[in-house]
Amino acid sequence: GATWYNVGSGPRASLRGVDFADTTHGWAVGDGGAIIATTDGGATWSAQASGTTQQLNSVACSDTSRCWAVGNSGAIVATSDGGFTWAPQTSGLTTNLHDVWFVSATSGWAVGAGGRILRPANGGLVWLPQTSGLTYDINSVHFVDANNGWAVGYYYAYRTSNGGATWSTYYLSTVGLYTYYGVFAHSATSATIVGQSGRIGYTSTSGTTWSVRTSGTTNYLYDVVFFDANRGAVIGQYGTALNTANVGATWVDRRVPVTPRNLRAIKAVSPTTAWAVGAAGAVYATTDAGA
């Protein structure tokens, strides 16, 4: 397998977030409150009623029953029955939420405009603010465990080692003062970030120093995932798909054929398989770690 193949999604709404609880149960979310789900490893997808018309930007699942989706105007919806029903939760915000990540049913984070970071309480019935230290937009968040996580956005990266109680901020001048849309936390001390104009950055020093990775493109890069310690994939504008086998030291163009669609989010479900979603209901899969 050296290709990506289109498995379709049904709805034509642009999709902006995707997550899988295991290799067979997955959800994608997008414009107009769209939520689609699969229970057969992506062979078929069906629509679920989110109860909102807000644009949903990200979804995260702690298991096959419990998922959360976040979106514009502070929207948060959650399910505890695998998506048969979705109910609103209170964020306390009217600004947009861009990403959500859960490491367990009780440990999760949502990030968004104006440096907002939220942490759920009472199973997400209430979301409480954390202090990022800045008011710049935060677009992506990724935790390796309940304590150690990374976030990235406009000009800055953020790191926490205490579950988000405090965050360290890192000015990304050595990578480039751009907007960054995706972060992957390799460990408590290392992360890869991707963003505007083909920018890819990497740190292995807890964020104190960053190195530029050559992407070979100026297209916007929206998300990044790693399958193991070495192999990873990046997706982005106009069907851009990049692959690495050496922790991002070099990236190879694996552009998705026959589609100019923007790809917005990617999720790995095994050491070889990942799902990417994007504009006009696009759903793509790779079964060879993005090669």
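Visitor: On what basis are residues numbered, and what pLDDT do local features need?

Guide: Residues are counted from 1 along each chain as its sequence is written, and side-chain values use heavy atoms, leaving out hydrogens and water. This is a predicted model in which totals for chains, interfaces and linings use all residues, side-chain atom pairs count only at pLDDT 80 or more, and local features need pLDDT of at least 70.

Visitor: Why is strand 23 described as largely enclosed by the rest of the structure?

Guide: Strands are DSSP runs (E, at least two residues), numbered from the N terminus. Buried means under 20% relative accessible area, exposed over 50%, and partly exposed in between, with a 1.4 Å probe and protein chains only. On one side of strand 23 G232, V234 and G236 are buried, and on the other A233 and I235 are buried. Strand 23 (residues 232-236) is therefore largely enclosed because the number of its five residues that are buried is five.

Visitor: Which residue of strand 24 is the bridge partner of V234?

Guide: Two strands count as paired if DSSP finds at least two bridges between them. Strand 23 pairs with strand 24 (residues 241-244) in the antiparallel sense over four bridges. The two form a hairpin with four residues between them, and Y238 in that turn has a positive phi of about 55°. Within this pairing, the partner of V234 in strand 24 is L242.

Visitor: Which residue stands opposite A233 of strand 23?

Guide: Strand 22 (residues 221-226) also pairs with strand 23, in the antiparallel sense and over five bridges. A hairpin of five residues joins strand 22 to strand 23. Opposite A233 stands V225.

Visitor: Which residue of strand 11 is the bridge partner of W101?

Guide: Strand 10 and strand 11 (residues 108-112) run antiparallel and are joined by five bridges. The partner of W101 in strand 11 is W109.

Visitor: How far apart are the closest N and O atoms of D31 and R16?

Guide: A salt bridge is a side-chain nitrogen of Lys or Arg within 4 Å of a carboxyl oxygen of Asp or Glu. D31 lies in the loop between strand 3 (26-30) and strand 4 (35-38), while R16 lies in strand 2 (residues 15-20), 15 residues apart. D31 is partly exposed at 24% relative accessibility, and R16 is partly exposed at 23%. The closest N and O atoms of their salt bridge are separated by 2.5 Å.

Visitor: What is the N to O distance in the salt bridge of D228 and R231?

Guide: D228 is partly exposed, at 31% relative accessible area, and R231 is partly exposed, at 26%. Their side chains meet in a salt bridge with an N to O distance of 2.7 Å.
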